[in-house]
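Subject: Structure for you to look at

Hello,

Here is the structure I said I would pass on. My notes on it follow below.

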Amino acid sequence: MFTIRRKRSKLVVPALAELFKQLPYSQGFDKVIFSNTSPTVPISMTLGGGLSRGLGLDTLGVPLLIKGAKQCNSNIFALVLKTKEMAEQLSDTVIIIDNKEFKI
(Lines give C-alpha, C1' and ligand atoms only; values in the text may rest on other atoms or scores of the structure.)
Protein backbone atom coordinates (compact mmCIF):
# COMPACT_ATOMS: atom_id res chain seq x y z
CA MET A 1 0.00 0.00 0.00
CA PHE A 2 1.25 3.45 -0.90
CA THR A 3 -0.07 6.92 -0.18
CA ILE A 4 0.24 9.91 -2.49
CA ARG A 5 -0.65 13.50 -1.88
CA ARG A 6 -2.14 15.15 -4.90
CA LYS A 7 -3.36 18.43 -3.39
CA ARG A 8 -5.64 19.99 -5.98
CA SER A 9 -4.10 18.38 -9.03
CA LYS A 10 -6.66 16.44 -11.06
CA LEU A 11 -3.97 14.92 -13.30
CA VAL A 12 -1.87 12.90 -10.84
CA VAL A 13 -4.19 9.93 -10.34
CA PRO A 14 -5.18 9.49 -14.03
CA ALA A 15 -1.51 9.76 -15.04
CA LEU A 16 -0.44 7.14 -12.49
CA ALA A 17 -3.34 4.88 -13.49
CA GLU A 18 -2.22 5.03 -17.12
CA LEU A 19 1.36 4.32 -16.09
CA PHE A 20 0.32 1.21 -14.16
CA LYS A 21 -1.82 0.03 -17.08
CA GLN A 22 1.32 0.06 -19.24
CA LEU A 23 3.48 -1.91 -16.79
CA PRO A 24 3.76 -5.67 -17.14
CA TYR A 25 2.08 -7.35 -14.20
CA SER A 26 4.86 -9.86 -13.67
CA GLN A 27 6.07 -7.62 -10.84
CA GLY A 28 3.57 -9.11 -8.39
CA PHE A 29 0.73 -6.62 -8.71
CA ASP A 30 -2.68 -8.23 -8.53
CA LYS A 31 -4.61 -4.96 -8.67
CA VAL A 32 -3.68 -1.33 -8.33
CA ILE A 33 -6.37 0.71 -6.58
CA PHE A 34 -6.46 4.47 -6.25
CA SER A 35 -8.96 5.32 -3.50
CA ASN A 36 -9.57 8.97 -2.63
CA THR A 37 -9.42 9.48 1.15
CA SER A 38 -10.23 13.20 1.06
CA PRO A 39 -13.87 12.71 2.08
CA THR A 40 -12.71 11.22 5.41
CA VAL A 41 -10.60 14.26 6.37
CA PRO A 42 -12.31 16.59 8.90
CA ILE A 43 -11.92 20.38 8.73
CA SER A 44 -9.69 20.38 11.85
CA MET A 45 -7.16 18.22 10.00
CA THR A 46 -7.28 20.43 6.92
CA LEU A 47 -6.79 23.59 8.98
CA GLY A 48 -4.06 21.97 11.10
CA GLY A 49 -2.14 20.91 8.01
CA GLY A 50 -2.43 24.36 6.49
CA LEU A 51 -1.24 26.05 9.67
CA SER A 52 1.57 23.60 10.35
CA ARG A 53 2.99 22.93 6.88
CA GLY A 54 1.76 25.95 5.00
CA LEU A 55 2.48 28.66 7.54
CA GLY A 56 4.96 26.93 9.83
CA LEU A 57 2.73 27.41 12.88
CA ASP A 58 3.29 24.01 14.47
CA THR A 59 2.06 25.05 17.92
CA LEU A 60 -1.40 25.70 16.45
CA GLY A 61 -1.42 23.22 13.59
CA VAL A 62 -0.18 20.01 15.22
CA PRO A 63 -2.89 19.86 17.94
CA LEU A 64 -5.54 20.34 15.24
CA LEU A 65 -3.96 17.58 13.16
CA ILE A 66 -4.01 15.23 16.15
CA LYS A 67 -7.64 16.07 16.87
CA GLY A 68 -8.54 15.48 13.22
CA ALA A 69 -6.65 12.18 13.10
CA LYS A 70 -8.60 10.94 16.12
CA GLN A 71 -11.87 12.02 14.51
CA CYS A 72 -11.28 10.32 11.17
CA ASN A 73 -9.75 7.04 12.38
CA SER A 74 -13.00 5.06 12.19
CA ASN A 75 -13.92 6.73 8.88
CA ILE A 76 -10.65 5.67 7.28
CA PHE A 77 -11.18 2.12 8.57
CA ALA A 78 -14.66 2.07 6.99
CA LEU A 79 -13.25 3.47 3.74
CA VAL A 80 -10.60 0.74 3.60
CA LEU A 81 -13.27 -1.93 4.05
CA LYS A 82 -15.39 -0.33 1.31
CA THR A 83 -12.38 -0.13 -1.01
CA LYS A 84 -11.55 -3.81 -0.47
CA GLU A 85 -15.16 -4.76 -1.15
CA MET A 86 -15.26 -2.76 -4.38
CA ALA A 87 -11.92 -4.19 -5.49
CA GLU A 88 -13.25 -7.73 -5.13
CA GLN A 89 -16.30 -6.89 -7.24
CA LEU A 90 -14.36 -5.26 -10.10
CA SER A 91 -12.21 -7.24 -12.51
CA ASP A 92 -10.04 -4.37 -13.77
CA THR A 93 -6.35 -4.41 -12.87
CA VAL A 94 -6.22 -0.63 -12.30
CA ILE A 95 -9.15 0.87 -10.39
CA ILE A 96 -9.91 4.49 -9.44
CA ILE A 97 -12.43 4.99 -6.64
CA ASP A 98 -13.38 8.63 -6.05
CA ASN A 99 -15.48 8.11 -2.88
CA LYS A 100 -17.40 11.36 -3.34
CA GLU A 101 -20.46 9.80 -1.70
CA PHE A 102 -18.44 8.85 1.40
CA LYS A 103 -19.28 11.32 4.18
CA ILE A 104 -17.73 11.83 7.59
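In this predicted model, a nonpolar patch on the surface is formed by L55, L57 and L60, which together have about 290 Å² of accessible area. One of these residues, L60, belongs to helix α3, which covers residues 58-89.

Helix α3 packs against helix α2 (residues 43-54), with 7 Å between their axes and an angle of about 155°. Angles over 145 degrees count as roughly antiparallel, so α2 is roughly antiparallel to α3. On the α2 side, the contact is made by S44, M45, L47, G48, G49, L51 and S52. On the α3 side, the contact residues are D58, L60, G61, V62, L64, L65, K67, G68, A69, Q71 and C72. The crossing of the two helices, α2 and α3, is left-handed.

As for charged pairs, searching the whole structure gives 1 salt bridge. The side chains of E18 and K21 form a salt bridge, at 3.4 Å from N to O. Both residues, E18 and K21, sit in helix α1 (residues 12-22) and are 3 residues apart, about one turn of the helix.

Regards

How values were computed. Residues are numbered from 1 along each chain as its sequence is written. This is a predicted model: local features need pLDDT of at least 70, side-chain atom pairs count only at pLDDT 80 or more; totals for chains, interfaces and linings use all residues. Side-chain values use heavy atoms; hydrogens and water are left out. Patches are made of residues with over 30% relative accessible area and no salt bridge: like charges are joined within 9 Å, nonpolar side chains (Val, Leu, Ile, Met, Phe, Trp, Tyr) within 5 Å. Accessible areas come from the Shrake-Rupley method with a 1.4 Å probe; for residues, only the protein chains shown count as cover. A salt bridge is a side-chain nitrogen of Lys or Arg within 4 Å of a carboxyl oxygen of Asp or Glu. Helices (H or I, at least four residues) and strands (E, at least two) are DSSP runs, numbered from the N terminus. Axes are lines fitted to C-alpha atoms, for helices over the stretch in contact, and angles run from 0 to 180 degrees between N-to-C directions. Angles under 35 degrees count as roughly parallel, over 145 as roughly antiparallel, 65 to 115 as roughly perpendicular and the rest as oblique. A crossing is left-handed if the near helix is turned anticlockwise from the far one by less than a right angle, and right-handed if clockwise. Contact means heavy atoms within 4.5 Å.
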